[in-house]
Amino acid sequence: MAVPARTCGASWPGPVRTARPWAGRGPRPFPDPRDPASGPARPLLLLLPPLLLLPLLTAPGASAYSFPQQHTMQHWARRLEQEIDGVMRIFGGVQQLREIYKDNRNLFEVQENEPQKLVEKVAGDIESLLDRKVQALKRLADAAENFQKAHRWQDNIKEEDIIYYDAKADAELDDPEGEDMERGSKTSTLRLDFMEDPNFKNKVNYSYTAVQIPTDIYKGSTVILNELNWTEALENVFIENRRQDPTLLWQVFGSATGVTRYYPATPWRAPKKIDLYDVRRRPWYIQGASSPKDMVIIVDVSGSVSGLTLKLMKTSVCEMLDTLSDDDYVNVASFNEKAQPVSCFTHLVQANVRNKKVFKEAVQGMVAKGTTGYKAGFEYAFDQLQNSNITRANCNKMIMMFTDGGEDRVQDVFEKYNWPNRTVRVFTFSVGQHNYDVTPLQWMACTNKGYYFEIPSIGAIRINTQEYLDVLGRPMVLAGKEAKQVQWTNVYEDALGLGLVVTGTLPVFNLTQDGPGEKKNQLILGVMGIDVALNDIKRLTPNYTLGANGYVFAIDLNGYVLLHPNLKPQTTNFREPVTLDFLDAELEDENKEEIRRSMIDGNKGHKQIRTLVKSLDERYIDEVIRNYTWVPIRSTNYSLGLVLPPYSTFYLQANLSDQILQVKYFEFLLPSSFESEGHVFIAPREYCKDLNVSDNNTEFLKNFIELMEKVTPDSKQCNNFLLHNLILDTGITQQLVERVWRDQDLNTYSLLAVFAATDGGITRVFPNKAAEDWTENPEPFNASFYRRSLDNHGYIFKPPHQDSLLRPLELENDTVGVLVSTAVELSLGRRTLRPAVVGVKLDLEAWAEKFKVLASNRTHQDQPQKCGPSSHCEMDCEVNNEDLLCVLIDDGGFLVLSNQNHQWDQVGRFFSEVDANLMLALYNNSFYTRKESYDYQAACAPQPPGNLGAAPRGVFVPTIADFLNLAWWTSAAAWSLFQQLLYGLIYHSWFQADPAEAEGSPETRESSCVVKQTQYYFGSVNASYNAIIDCGNCSRLFHAQRLTNTNLLFVVAEKPLCSQCEAGRLLQKETHSDGPEQCELVQRPRYRRGPHICFDYNATEDTSDCGRGASFPPSLGVLVSLQLLLLLGLPPRPQPQVHSFAASRRL
């Protein structure tokens, strides 16, 4: 149900009845807000000042009990505050821990984080790392160009002449219907042995390269065999590169023919369905093969476009969109007599994942009708490209027209918009089998520096929607060395399992000439790439000196994060880059927009801002102060930032030179000491290289102890900073046990446990038995209570997490508790830092009882106060719990304590799920503020198919009239249908296959999606308020007050008398969403910059190779013969994917 807005003047509807008596008799002593005699209409939530409320509560005729007065409830609040503070002072040990640190002052030094120096050093280290990869790339690109130039083209080359490791061979041999067996392949494929390599997360062979060839390309074609022949020489260069830099990961050459040769060799990852991987459609290849693009796609939807042809067009447009990256801009329009955009986008928009999704969905709604009007389509496209009032790529400009044919050449349009300079390339696509003359389409492409393609059937779509990149690569090739610049990509998922990577790319050019004095070749051979894992870049950043809430991040020219602690995609699709904007990785505000713009512009800067941050568990919002410092990473398109809270300016560095003391403190890590000193959890950090990692902390501690018996904390194979700090904090927290915890009786104050956690990685829980129910993360930096305590002053309550879909808490064995924690602030001279957090775990059931007593009229620990029939008494939370609801709610809106026994098992739930009416009142009274944001990295279960019928989606089904029409059989429609059926047998229905599923790993079960998140946090109200939830006869009075030095709100309210006033329920849980409206977002695009270089024109470009197609009327005899062949199940031998570029590639 939608949440009502905060409006005034409305009252909740309800039946007319006598108001609830105070003690069974008499009307409620409040004026009816709906009564005209009462004056103007009251607001929805009627605030009553204390002085006005007092006489109403003590009106004559009132019965024995009345709603407590404001000063009474303020008294209860002070008692609660004092009780919490007293317990924390006795058991938390904040002051004692400060004294312990000062007593051990000689065991540590205070170091300073200097943001500018830190960020410049990390930026320099990343630059050095990437520069080593750049040098390897240049060696590879130079070698490739020389090998290809020296190679002699062989027309008669045979498959058995080429020996190489086919990465897909093992998978194909396992498939009895595999491609090679079906074709009787004679390729000499190597059989290799592999060894597991943790750096690649894969089995590899360092002596060979591997070759991957797309499924829809015939391996035995002359073009492919020649490509395999000359690229074999790259193997030695790959090996030499690794010898010079052993940290190199995948080295890849992606050929313009579709061949991928990579090193080291590893078997190809078998997909769940058909393997649609083609290197030419990978983000890194597209970025390296051409400069950014402004593209307008126009689609002929006139009535002549048959059902199947239109479906081919729709699929072609979707495939074309997949060749675009975030550096490109695009729009899609359909045309007949008039042209109109297919979506809500009225101008060029960035070709990011979400915009392309809008296009793909809109394209499916195109309907064929009317007559063909090329003029309308081209005029619309040129107007789009000439619009200079929008953000765009401002480099290559092109129009892609899909049609089934036509006679008009629209020369007047080209003369008006494009000639004589021809700054816009025109690519034309003849789709489907037809009898039309294609000469006009060829002429359009050839006279506008473009190319003409034919897409007669499904099998030609992928190859022909990506070939235009070869034309765009011409100016790059002709520019020579000027265009040989390394570019670094967005983050994306490695297809071979390396995880998230960025890739350095360098184009490889064809340096051959057809003969002496002939023009220079203008074809791009392919793109060379070298991967860098994000984890390798993260290792160059400081891990633990920045504190729990400090971090390093990096962004690219699009504002997408390369590094960020919130970059955690739950599922990835290697077809698409991982594009998380900096403003989506954090909670957006004006200050961050300014920082983002400055970083994109390559500036240095520093700024302290007040901003909002989400808690690690994404349940809470905190308003914090952060210092941002940023610098560009030279020789790249990246910029690096550092974020530090003020309290992380300094940090402790242990100096345990005394080995006897090291041993003494180390003994407190041994399980034998836990019974007397409390249980110790150690953060699972990389203390030493040989330390075996385990998700089980007990096992990890055991591995750690075993290793420490073999090495010392000063060993070169260990991180001395981490080890010394860990051991120091072990000793310091043990002294806290000795001075404070051991002699205290926790049961006296109804405590389940006391604890301390430190920056050094220690979490000590006392007593030892309490560790059995300890569920917090053993890494303090990843524990929500730890990070929130550092960011907030006072005592932070954290109730047990409850999902509304799960059953309530089970209060068994008194093990359910509420954490209360606070940071230990240490001042050493003028330096202030927070090296630890201490706290207690409250027994939920016992403290709920105590809460009743503290919020009651008791004066001593005796029996509750009784109210005689002749006396006047105020209700309290203990005696009157049947009429009065008393709760403590935390700053996120989650229930912490209640005087209602039946609500104890709902502790930890969002309060709207407990009392929706009261929570809405608190929100409308500004006790809470709502923050909504979107998580673009969520994973969702796959949606069921929309078509439940047995037939594959997208198949054109001819009508009876079609079958009876001889002209239909002699047309291309019948032939196209049979071709589609053939491809359906091979590809299991092209139109039905989900690309993500087809290309995904076998383990893929979920897909990426957008989730809307809603959090609540305390608003601006700090005072004590009394208010009425105005609902006529069902109205409720309530009082709310913040508890000082805590994150709690104390609320006292009448229990609801009836359910007629149920209001809209506030939602806090995540919900699936389509995200913000894309049509609105593109009207205010975020700031970005494209690559610094652009190659879209060269005066020497030869545009004579612009595509030639044959168009002839299909022979009825030939068609019938082919159809019979298909029906008999005898598919013809697959032919090479020969296109007009193949001849030019002869070497």
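Where does Ser 615 sit? Ser 615 lies in the loop that links β24 (605-614) with β25 (621-632). Keep in mind as you look around that this is a predicted model.

**Ser 615 and its surroundings**
- With a relative accessibility of 6%, Ser 615 is below the 20% cut-off and therefore counts as buried.
- The side chains of Ser 615 and Asp 617 are joined by a polar contact of 2.5 Å.
- Leaving aside residues up to four places away in sequence, Ser 615 touches Tyr 620, Ser 784 and Arg 788.
- Ala 783 is 168 residues from Ser 615 in sequence, yet their C-alpha atoms are 9.5 Å apart in space.

**Helices α4 and α8**
- Helix α4 (residues 115-150) packs with helix α8 (residues 234-244) at about 165 degrees, and their axes are 10 Å apart.
- That angle is over 145 degrees, so the two helices are roughly antiparallel.
- The α4 and α8 crossing is right-handed.
- From α4, Ala 136, Arg 139, Leu 140, Ala 143, Ala 144 and Phe 147 meet Leu 234, Val 237, Phe 238, Asn 241 and Gln 244 of α8.
- Sorted by class, this contact has 8 nonpolar, 2 polar and 1 charged residues.

**Helix α26**
- Helix α26 (residues 844-854) is largely enclosed by the rest of the structure, because 8 of its 11 residues are buried.
- Among the buried residues of α26 are Trp 847, Phe 851 and Leu 854, and also Lys 850 and Lys 852.
- Where α26 starts, a side-chain oxygen of Asp 843 comes within 3.2 Å of the backbone nitrogen of Glu 845.

Technical notes
Residues numbered from 1 in each chain as written. Predicted model: local features only at pLDDT ≥ 70, side-chain atom pairs only at ≥ 80, totals over all residues. Heavy atoms only, no water. Buried < 20%, exposed > 50% of the residue type's maximum accessible area, 1.4 Å probe, protein only. Helix = DSSP H or I, 4+ residues; strand = E, 2+ residues; numbered from the N terminus. Polar contact = N/O pair within 3.5 Å; in protein donor to acceptor, adjacent residues only side chain to side chain. Axes fitted to C-alpha atoms, helices over the stretch in contact; angles between N-to-C directions. Parallel < 35°, antiparallel > 145°, perpendicular 65-115°, else oblique. Left-handed = near helix turned anticlockwise from the far one by under 90°. Contact = heavy atoms within 4.5 Å. Nonpolar A, V, L, I, M, F, W, Y, C, P; charged D, E, K, R; others polar.
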